[in-house]
Amino acid sequence: MIRKFALFLFMAFSALILDLNGQLIELSGAIAGPDLVFNEENGLVAVEAEHFYKQAKSEIRQWFITSKGRVPDIKPDPDEEHVAGASGNAYIEILPDTRRTPSDKLIKLEDPTLNEETARLVNFTDIPGEIALLHYKVNINHPGRYYVWVRAHSAGPEDNSLHVGFNEIWPANGQRMQWCDGKNQWRWESKQRTEKEHCGVPKEIYLDIDK
């Protein structure tokens with residue numbers, strides 16, 4: 001029998017690309033050290049999204065921290081900051097945001113025609129682990145199935161998905177986490193987008209951890 005637990009992540013997301021200067025490096029750098037470990041107790045573990053200890057594969061997309069009085073100056077960023085209501089008055093998002101609606105051009109990482117210039121405009125991938133990875137250390141004391149819930153602020157119909165995995169493993173049920181309802185507000189969700197249900201199927205985002 002698989003024991004069932006829950007993992008919670010607090011975050012926000014927008015969309016894409018980067019061009020670093022001093023301020024952006026500071027706002028995209030880790031504020032947590034590698035010794036910070038989120039510990040599971042009684043089948044629950046909660047992670048503050050901005051407390052990642054490492055960011056990787058950020059050549060195309062990158063996460064930035066927004067907090068009170070500290071907002072990354074990256075354009076385009078069509079939506080306002082969302083500190084009000086954010087856990088700990090801080091959150092992370094990917095900037096600049098180049099695809100908020102279906103009318104914005106979709107540029108896939110998987111497109112074989114991409115060259116060095118157009119690759120920097122990629123704003124979509126269906127392959128987990130390829131773009132903008134955040135790393136957290138989580139200690140699991142009770143092996144089993146962990147359902148992943150994320151509190152996010154989705155600002156548009158295309159600012160609405162992410163992947164989760166562990167130990168460089170990207171299981172099928174950690175892919176295409178999706179938000180449709182509750183736009184422009186902080187909202188807990190745990191649904192997986194499928195071909196039949198684009199707004200996501202409940203109880204299908206989980207990680208099976210056997211040790």
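Colleague: Where in the chain is the place of K68?

Modeller: K68 belongs to the loop between strand 5 and strand 6. Helices (DSSP runs of H or I, at least four residues) and strands (DSSP runs of E, at least two residues) are numbered from the N terminus. The chain has 1 helix and 15 strands. This is a predicted model in which local features need pLDDT of at least 70 and side-chain atom pairs count only at pLDDT 80 or more, while totals for chains, interfaces and linings use all residues. Residues are numbered from 1 along each chain as its sequence is written, and side-chain values use heavy atoms, with hydrogens and water left out.

Colleague: Why is K68 called exposed?

Modeller: The relative accessible area decides the term: buried means under 20%, exposed means over 50%, and partly exposed lies in between, computed with a 1.4 Å probe and protein chains only. K68 has a relative accessible area of 61%, and therefore K68 is exposed.

Colleague: Which residues does K68 touch, apart from those up to four places away in sequence?

Modeller: K68 touches V83 and N89, where a contact means heavy atoms within 4.5 Å.

Colleague: What makes Y91 and W186 an edge-to-face pair?

Modeller: Rings of Phe, Tyr and Trp (its six-membered ring) pair if their centres lie within 6.5 Å; planes under 30 degrees apart count as stacked, over 60 as edge-to-face, and the rest as tilted. A search of the whole structure finds 2 aromatic pairs. In one of them, the ring centres of Y91 and W186 are 5.6 Å apart and the planes stand at 70 degrees, so the pair is edge-to-face. The pair links distant parts of the chain, with Y91 in strand 6 (residues 90-94) and W186 in strand 12 (residues 186-189), 95 residues apart. Both Y91 and W186 are buried.

Colleague: How many degrees lie between the planes of Y147 and Y206?

Modeller: There are 65 degrees between these planes, and the centres are 5.6 Å apart; the aromatic pair of Y147 and Y206 is edge-to-face. Y147 in strand 9 (residues 144-153) and Y206 in strand 15 (residues 206-209) are 59 residues apart, and the pair links distant parts of the chain. Y147 counts as buried because its relative accessibility is 15%, and Y206 counts as buried because its relative accessibility is 13%.

Colleague: What lies over the face of Y206?

Modeller: R145 lies there, at 3.9 Å from the ring centre. A charge sits over a ring if NZ of Lys or CZ of Arg is within 6 Å of the ring centre and within 35 degrees of the ring normal. Likewise, the charged end of K137 sits over the ring of Y53, 5.2 Å from its centre.

Colleague: How do you know that D208 and R145 form a salt bridge?

Modeller: A salt bridge is a side-chain nitrogen of Lys or Arg within 4 Å of a carboxyl oxygen of Asp or Glu. The closest N and O atoms of D208 and R145 are 2.7 Å apart, and the two residues form a salt bridge. This pair also links distant parts of the chain, D208 in strand 15 and R145 in strand 9, 63 residues apart. D208 has a relative accessible area of 37% and is therefore partly exposed, whereas R145, at 15%, is buried.

Colleague: How many salt bridges does the count give by this rule?

Modeller: The count comes to 4. Among them is the pair of E130 and K57, whose closest N and O atoms are 3.9 Å apart. E130 has a relative accessible area of 38% and is therefore partly exposed; K57, at 36%, is partly exposed too.

Colleague: What makes C180 and C199 a disulfide?

Modeller: A disulfide is a pair of cysteine sulfur atoms within 2.5 Å. The sulfur atoms of C180 and C199 are 2.3 Å apart, and these residues form a disulfide.

Colleague: Why is this disulfide called left-handed?

Modeller: The torsion about the S-S bond of C180 and C199 is about -90 degrees, so the disulfide is left-handed. C180 lies in the loop between strand 11 and strand 12, and C199 in the loop between strand 13 and strand 14 (201-202), so the pair ties together parts that are 19 residues apart in sequence. C180 counts as partly exposed because its relative accessibility is 23%, and C199 is partly exposed at 33%.
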